[in-house]
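Keep the model open and find each residue as it comes up.

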Amino acid sequence: MKIGLNITTLFAVGLLAVGCTSEISVEHLNNLTSVISVTDSVECLWLPIEEGDYEAQVIAVGSDNRTAPLNIRLAQTKVDYYMPFTLEGVERLRVENCSYENLCWQNLTTTQPDLDKSYRQDVHFSTARGWINDPNGMFYLNGEWHLYYQHNPYGARWGNMSWGHAVSHDLVSWEHLPAVLYPDELGAIFSGSAVVDKDNTAGFGEGAVVAIYTSAGARQSQSIAYSLDGGTTFTKYENNPVLTSHRIDFRDPKVFWHTPTERWIMVLAAGNAMEIYSSKNLKEWTFESRCGEDWGYHTGVWECPDLFELPYENGSKWVLLCSLSIPERGGSSVQYFVGEFDGHTFTPNTKTSKADVLNYGRDYYATVSWSGVEDGRKVVVGWQNNWEYANDLPTQGYRGYMSIPHQLRLVNHKGAPKLVAEPAQEVLAQSKTLHSEDVVEVKDKYNAWRHNCDDGAFMVECDIENVTAQVLGLKLFNDNGDWVDVCFDFAENVLKVDRTNSGVLDFNPKFASVSEAPLSDVARQSIKLIVDRSSVECFTDIAAISNLVFPNGCYTRLSFYTIGGTAKVNNLTIKKL
Ligand code: FRU
């Protein structure tokens, strides 16, 4: 069809029902602008997506809370997968910057297409469809763990940042719920936190859940929204934003109640440092202090802080978490600082430039804690991914996972506090033993176990002692030649996780790698390995390594090996999670 001056006539011919069902009609207003209408009974329209750089702008017309145009990769020449567009409150969709010749018009559907199941994990959270990054707004209330997350509901790459939502009773199985916050005239909805306002300090209502997030528009500012139904739906505060700055990077507010000063404290990333603000009502914020400019890594912009107190020795210490890219440590990392916080200022105990990291793996970022955990534990979750290759993961229709929830403690390591993660006790409580052996003498090689893929995620746990070997390794294999090697290198005093032969690697040259964590000097080492369809998380008494893997078929075998001597593996248990 030739597009010429008579474009209006040409396109105003009338409703052009294009190859979909009788429920969908498409009107092309001109060669780049179209309107999609759907009969009233239809609740969801499935949009055909092509993963490329091109994006159309889709505007929901009606009384919908999606008030800003959404950037959607509508298929031009091929359909990679489908994304749902829920239609409650939507009269029609106006689509701009999308040629009437594109393939998408023939492939709109109201029937739910199949989900790609490859690499879907068993106990690691992923969104049903679309993109996921940072965990956001987590709070625990009445037996429910709420998890919101950075989400693109309209494609499996970063964009249209919204807050997706899921809830769990056991931190293992998650129910997917509708997204709660969509981009608006102040910008996209970036990371943030949520608190339960028991005393109604904000005046939204007793027990309101208040989300504090970054509005990322031309500038970054902090906004709030409240929920009066326990976190299922949120209303944005009419006087947003509640905190602005001249800084370009000013984001990821983490808010908690500070009992000694009876105020809310917000810590947020501002440039490559942290700022602390206080408030009596979550609406008006007062600057307290700025810290971090002269300590820690500064190899990337500081992001996603958290600040909390943990028991240490006979007292307690405060911990400041800070996510950033540290290229020498493999990209996305969470550094932390231990120190004191007096309600105004955080002061680290040491001002080292090379701070320790919370996890020595490649895939653990933007880690923050749940608010409101009754027993005071710091239960956290990290985004199981790395900005170095996040948009390239070899999954279809969805992209990104969370780590399993971890709980944190401070241990005395070589005379100084060290922050250590272990699987949250809720995750361990779900396990059922599949295999156990009391004592195994490992000399060269010992084939320990064959796994049935249908059993899903599993945990390997054992103690290692009487070591004369230089290396004791645990190796996971499948029948397609893929393996992951987790080894105690006693000669170098490090734990190594090698994923250079773990399966699919070629989606990004930065993926194949060996991670290393320090070992403690104890004579008896213990390890927990959590193995899921596309990740391996390892925990020793002082370090954790969380890594993605994409094996061509799940790992079905576990063996131990030694180099240069022998080792005793005690209390080997393999549990289904
Ligand atoms: C960290 C981050 C945050 C930001 C969000 C945007 O991964 O860059 O700083 O709020 O992602 O999606």
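1. This is a predicted model. The protein chain is split into domain 1 (11-106), domain 2 (130-425) and domain 3 (431-576). Between the C-alpha centres of domain 1 and domain 3 there are 48 Å.

2. Which residues come nearest to the ligand? They are Asp134, Gln150, Arg251, Asp252 and Glu303, out of 13 residues around the ligand. Sorted by class, the shell consists of six nonpolar, three polar and four charged residues.

3. For aspartate 252, an N or O atom of the side chain is 2.6 Å from an oxygen atom of the ligand. For aspartate 134, a polar side-chain atom lies 2.7 Å from a ligand oxygen atom. For tryptophan 158, the distance from a side-chain N or O atom to an oxygen atom of the ligand is 3.0 Å. The ligand taken alone exposes 320 Å², and the protein buries 96% of that. Strand E8 (130-141), strand E12 (188-197), strand E16 (250-258) and strand E20 (303-312) are the elements that each give two or more residues to the shell.

4. Now look at an open sheet of four strands, in the order E24-E25-E27-E28, with antiparallel pairing. Which strands form its edges? Strand E24 (365-369) and strand E28 (416-423) do, as each pairs on one side only. On average, neighbouring strands here are turned by 40 degrees against each other, ignoring direction.

5. Within this sheet, strand E27 (residues 406-413) runs antiparallel to E28 and is joined to E28 by eight bridges. Valine 411 has lysine 418 of E28 opposite.

Notes
Residues numbered from 1 in each chain as written. Predicted model: local features only at pLDDT ≥ 70, side-chain atom pairs only at ≥ 80, totals over all residues. Heavy atoms only, no water. Near = heavy atom within 4 Å. Polar contact = N/O pair within 3.5 Å; in protein donor to acceptor, adjacent residues only side chain to side chain. Areas by Shrake-Rupley, 256 points an atom, 1.4 Å probe, with all protein chains shown as cover. Nonpolar A, V, L, I, M, F, W, Y, C, P; charged D, E, K, R; others polar. Domains from an automatic or database assignment. Pairing = 2+ DSSP bridges. Axes fitted to C-alpha atoms, helices over the stretch in contact; angles between N-to-C directions.
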